[in-house]
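Have a go at each one before you read its solution.

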Amino acid sequence: LLDNPVAFTVILAEMASILIISALVLTLVYRRYEHAVLDFVGWCTASRRNLGFFTLAIFAIPIVLVLL
């Protein structure tokens, strides 16, 4: 891949598309995203049970995805 000039073009196109999409999302829906994240953090820290569910999900979801 390093000696292939087409690989550079593919990576550059991927980086540019990610940059454009991320900039659009942050520009257009940042406030809603911010509120959703803060609401989720509030839910996670509201009780020990919610924090336990969140911690379990952090460990369980990657393990399940690796096993698939």
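A residue counts as buried under 20% relative accessible area, exposed over 50%, and partly exposed in between (1.4 Å probe, protein chains only). The model is predicted, so local features need pLDDT of at least 70, side-chain atom pairs count only at pLDDT 80 or more, and totals for chains, interfaces and linings use all residues. Residues are numbered from 1 along each chain as its sequence is written, and side-chain values use heavy atoms, with hydrogens and water left out.

**Exercise 1.** What share of the 68 residues in the protein is buried?

*Solution.* Start with the burial count: 4% of the 68 residues are buried. Next, look at the overall extent: the C-alpha atoms fill a box of roughly 55 × 35 × 15 Å along the principal axes.

**Exercise 2.** Is tyrosine 33 buried or exposed?

*Solution.* Then check its relative accessible area, which is 53%, so tyrosine 33 is exposed.

**Exercise 3.** Which side chains meet in a salt bridge?

*Solution.* Step one is the rule: a side-chain nitrogen of Lys or Arg must lie within 4 Å of a carboxyl oxygen of Asp or Glu. Step two is the search, and the whole structure gives one salt bridge. It joins arginine 31 and glutamate 34, at 3.3 Å from N to O. Step three is the spacing: these two are three residues apart in helix α1, so about one helical turn separates them. Finally, arginine 31 is exposed at 59%, while glutamate 34 is partly exposed at 25%.

Definitions and conventions:
Helix = DSSP H or I, 4+ residues; strand = E, 2+ residues; numbered from the N terminus.
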